Amino acid sequence: MRLFMSLFTPINALYVVATPIGHPLDITLRALQVLKGVDVVAAEDTRVTAALLKYHGISASLVSIREHNEKAGAQWLIEALSQGKSVAYVSDAGTPAISDPGAVLVAAAHQAKRQVVPVPGASALTAALSVCGWQGEPHFMGFLAPKGRERLDLLRRIKHNVAISIIYEAPHRILGTLDDLAEACGVQRPMCLAKELTKTHETLVLGTVVEIQAYFAADSKRQQGEFVLLIAPAPASDVNLAGAETMMQVLLTELPRAKAAKLTAKLTGISKEVAYELAL
């Protein structure tokens, strides 16, 4: 590995480096190579990154760029790049800019016509998707809005989504989110709960929404940790109904209620009775 590391010569660029989401060995050889060779490592939390670098025997010049100072950090980044320096950016865990800081820095580098180099690796999103056992298009939604209309809109999208919906959730909100999913999607909607991936208490639970709720009800300590929730694609009936609702809204602006219902039923395959209820 020392020979491989010695071959790396950093260029004047921003390296966006993925780091482990838990287990310190889940880091690529290339990431170690970059972190050892760049002039500066910008980190979401220098304490977290310092511990990771120490574990791998790397000493580096660290700069803190967090969510609250990312815009100011972008100015520092452009100045460093203009001086010919090579900079690596890492978040606390996983791939930067995936529900983590980093996007502002990358956008600033692009705007300044500076090279941006991805160094791929660990991500809770892909780790969870790889072990759920489902085939289908993934739809990553990040963290749901905490409340209000935006949250309701996201839940409605999950209800009718023909893809695998993937969200992140924090410990203090996991029970409320499950309640909302039960109301929006029904208690029998299949889902997968991935908790503390690659860490000591890694857990994977597959079941319906109500079964996942029962899992937490059995032991309050199970609420601890960071969660990835995967919700199975919507049944065909839900998808057809979502399309019918959209179509009905358009047709009712031009047609009487009965005609709009009849045409909606014909085009979407739902029953005339359901179509008329939608029209009402």
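Visitor: At what angle do helix H8 and helix H9 pack?
Guide: This is a predicted model, with pLDDT of at least 70 needed for local features and 80 or more for side-chain atom pairs, while totals for chains, interfaces and linings use all residues. Residues are numbered from 1 along each chain as its sequence is written, and side-chain values use heavy atoms, without hydrogens and water. Helix H8 covers residues 174–185 and helix H9 residues 209–217 (DSSP runs numbered from the N terminus: helices are H or I of at least four residues, strands E of at least two). Their axes (lines fitted to C-alpha atoms, over the stretch in contact for helices, with angles from 0 to 180 degrees between N-to-C directions) lie 10 Å apart, and the packing angle is about 155°.

Visitor: How is H8 oriented to H9?
Guide: The two helices pack at about 155°. Angles under 35 degrees count as roughly parallel, over 145 as roughly antiparallel, 65 to 115 as roughly perpendicular and the rest as oblique. H8 is therefore, relative to H9, roughly antiparallel.

Visitor: Which residues of H9 make the contact with H8?
Guide: Contact means heavy atoms within 4.5 Å. H8 contributes Ile174, Leu175, Leu178, Asp179 and Ala182. From H9 come Val209, Ile212, Gln213 and Phe216.

Visitor: How many residues of the contact of H8 with H9 are nonpolar?
Guide: Ala, Val, Leu, Ile, Met, Phe, Trp, Tyr, Cys and Pro count as nonpolar, Asp, Glu, Lys and Arg as charged, and the others, Gly among them, as polar. In the contact of H8 with H9, one residue is polar and one is charged. The nonpolar residues number seven.

Visitor: How is H4 placed relative to H5?
Guide: Helix H4 spans residues 70–82, and its axis comes within 9 Å of that of H5. The axes cross at roughly 40°. That angle makes H4, relative to H5, oblique.

Visitor: How many residues of the contact of H4 with H5 are charged?
Guide: On the H4 side the contact is made by Glu70, Lys71, Gly73, Ala74, Leu77, Ile78 and Leu81. H5 supplies Ala103, Val104, Leu105, Ala108 and Ala109. By class, nine of the contact residues are nonpolar and one is polar, and the charged ones number two.

Visitor: How far apart are the axes of helix H7 and H8?
Guide: Helix H7 runs over residues 149–160 and packs against H8 at about 55°. That makes H7 oblique to H8. The distance between their axes is 9 Å.

Visitor: How many residues of the contact of H7 with H8 are charged?
Guide: In H7, the residues that meet H8 are Arg151, Leu155, Ile158 and Lys159. Their partners in H8 are Gly176, Thr177, Asp180, Leu181, Ala184 and Cys185. This contact has five nonpolar and two polar residues, and its charged residues number three.
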